[in-house]
Amino acid sequence: MSKISANLTEDGESKEIEKPSRVRWWLAFMFFLIGLIAYMDRSNIAIIAKPMMEDLNMSKVQFGMLASLFSLGYALSQIPAGIIAERIGARKIVMIALIWWSVFTGLTAIVKSHGLLALVRFMFGVGEGPMYPGNVVFNTHWFAQQEKGRAASALLAGSYFGPVIAPVITVAIFQAWGWQAVFYIFGALGILVALIWYIVGRDRPEDHPFVNKQELKQIMENRTVMGDKKTLAPWKKFLKNGRFWALGLQYFIVLYIITFFLVWLPTYLMEARNFSLGEMGFAASFPWLGIFITVMTGGAISDLLVKKGKSKMIARGSLAIAGLIVFAGSMYLAAYATVPWMNVLWLTISLGALGFPVIASWSAVMDLGNEFSGSVSGWMNLWGNLGAFASPVLCGWLAQNIGWEATLLVSIVPVFFAILLWFGIRPDHSLT
């Protein structure tokens, strides 16, 4: 254990004091890896959409339905997952989720029937559902108030870094062994990470053998939840609160748009901008690199504002609103860009800007929910993934009937409603 010298003791001898351990940040990095695996598992099906659709004789609407059913399963599992995470802890529920969704990732390569494939993707979504509620429960117990933004950044950054590297990795695997191998390899990787997480993870810092007294003191002094409550969230009270609804509805809009990028960006680049498969694998990574950067920096900016004494409406709300405004402007420019790589640049800025409302939303969940943050996150993510459920089929239908340019422009309209909703969330006051 590393140590630093302190003042001399009364008898003149030097005294050594332990530095605070940093176990919480190593476990946050573990969540970065979990998010990386999760979003590579989600996005790889979009990268190989064309060969998969040709091999299985699927239309755009049928393929979009696979992504929608994933989001439906994911959405329906959110509230139960949040309640269960509060009861059994993050260690168990995250391990179960990882193994579950990894198994169904592998099964995606095996089934050929459209009906069975739809069921597999639905169950894949159910399996991924507990990941974010489990992470929020973990962060509530492991991080102090002024660290919540950066804590939320870890899983989110991994999630959005997944699609940065997924196109290159997925295309390489596809070209070497075919599209089925993509799902086998990613499924096996997820099971391995699940076992590592269960070995190194704990529900609370008080239970971890490598957390020293100094780190535990840092966490406990500014933690917003104390003890080990197992009571159920006050759902009747929550459902009567307009801020609870505003939080969910704005996230519906945010994930509706992000899911368009996740499902249709590769196909859009090849069909509307005439990129080859190899060029697409490179170009499609840039927008995800943009949101990865803003999620990482957004959490630090938000925490810095809280540390400086700014209200959480400033630290969370203004960050979200600024991101939504930048998205609207850059998406308009992307739709009318005539040069393909200028289109990629504007798409990178537009998706990147959405990183700010994403990180603000997950930080606000912990501000609003405290010991019930798992339930509040489940509620918000339920609405977010209802948006993700609507997005693939609706955007696929729009692209097929009115064209890609108009589809991009339509995505701007609901953003202005999301901006208004942020004025109603008011994250300075807990729901409890």
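This is a predicted model: local features need pLDDT of at least 70, side-chain atom pairs count only at pLDDT 80 or more; totals for chains, interfaces and linings use all residues.

1. Residues are numbered from 1 along each chain as its sequence is written, and side-chain values use heavy atoms, with hydrogens and water left out.

2. Now the overall fold. The protein chain has 20 helices and 2 strands; these are DSSP runs, with helices being H or I of at least four residues and strands E of at least two, numbered from the N terminus. Along the principal axes, the C-alpha atoms fill a box of roughly 80 × 45 × 45 Å.

3. How does the radius of gyration of the protein chain sit beside the value for a compact globule? The two agree, because a compact globule of 432 residues would come near 22 Å and the chain has 22 Å. The radius is taken over C-alpha atoms, and the globule rule is 2.2 Å times the number of residues to the power 0.38.

4. On burial, 59% of the 432 residues in the protein chain are buried. Here buried means under 20% relative accessible area, exposed means over 50%, and partly exposed lies in between (1.4 Å probe, protein chains only). The chain exposes about 16,900 Å², of which carbon and sulfur atoms supply 67%; accessible areas come from the Shrake-Rupley method with a 1.4 Å probe, and for residues only the protein chains shown count as cover.

5. Of the contacts between residues at least 6 apart in sequence, 83% join residues at least 24 apart. The 33 positive and 24 negative charges have mean positions 6 Å apart. Lys and Arg count as positive and Asp and Glu as negative, with His and the chain ends not counted; each charge is placed at NZ of Lys, CZ of Arg, CG of Asp or CD of Glu.

6. Is arginine 316 buried or exposed? Arginine 316 counts as buried because its relative accessible area is 0%. Its side chain makes a polar contact of 2.6 Å with the side chain of serine 302. A polar contact is a pair of N or O atoms within 3.5 Å; within protein, one must be able to donate a hydrogen and the other to accept it, and residues adjacent in sequence count only if both atoms are side-chain atoms. Leaving aside neighbours within four places in sequence, the contacts of arginine 316 include Lys148, Asp303, Asp367 and Trp422.

7. Isoleucine 314 also lies in helix α15. At 40% relative accessibility, isoleucine 314 counts as partly exposed.

8. Helix α7 (residues 131-142) contains threonine 140, which is buried at 3% relative accessibility. The side chain of threonine 140 reaches the backbone oxygen of valine 136 at 2.8 Å. Threonine 140 and aspartate 367 are 227 residues apart in sequence, yet 9.3 Å apart in space, C-alpha to C-alpha.

9. Glycine 134 is found in helix α7 too, and it is buried, with a relative accessible area of 0%. Beyond its neighbours within four places in sequence, glycine 134 is in contact with Ala85, Ala90, Ile93 and Val94.

10. In helix α5 (residues 90-107), have a look at serine 102, which is buried at 2% relative accessibility. A polar atom of its side chain lies 2.7 Å from the backbone oxygen of leucine 98. Outside four places in sequence, serine 102 is in contact with Gly187, Gly190 and Ile191.

11. Finally, two backbone angles to check. Asparagine 57, in the loop between α2 (49-56) and α3 (60-76), has a positive phi of about 55 degrees although it is not a glycine; asparagine 57 is exposed at 65% relative accessibility. Asparagine 274, in the loop between α12 (242-271) and α13 (277-283), has a positive phi of about 60 degrees and is not a glycine either. Asparagine 274 is exposed, with a relative accessible area of 63%.

Notes. Contact means heavy atoms within 4.5 Å.
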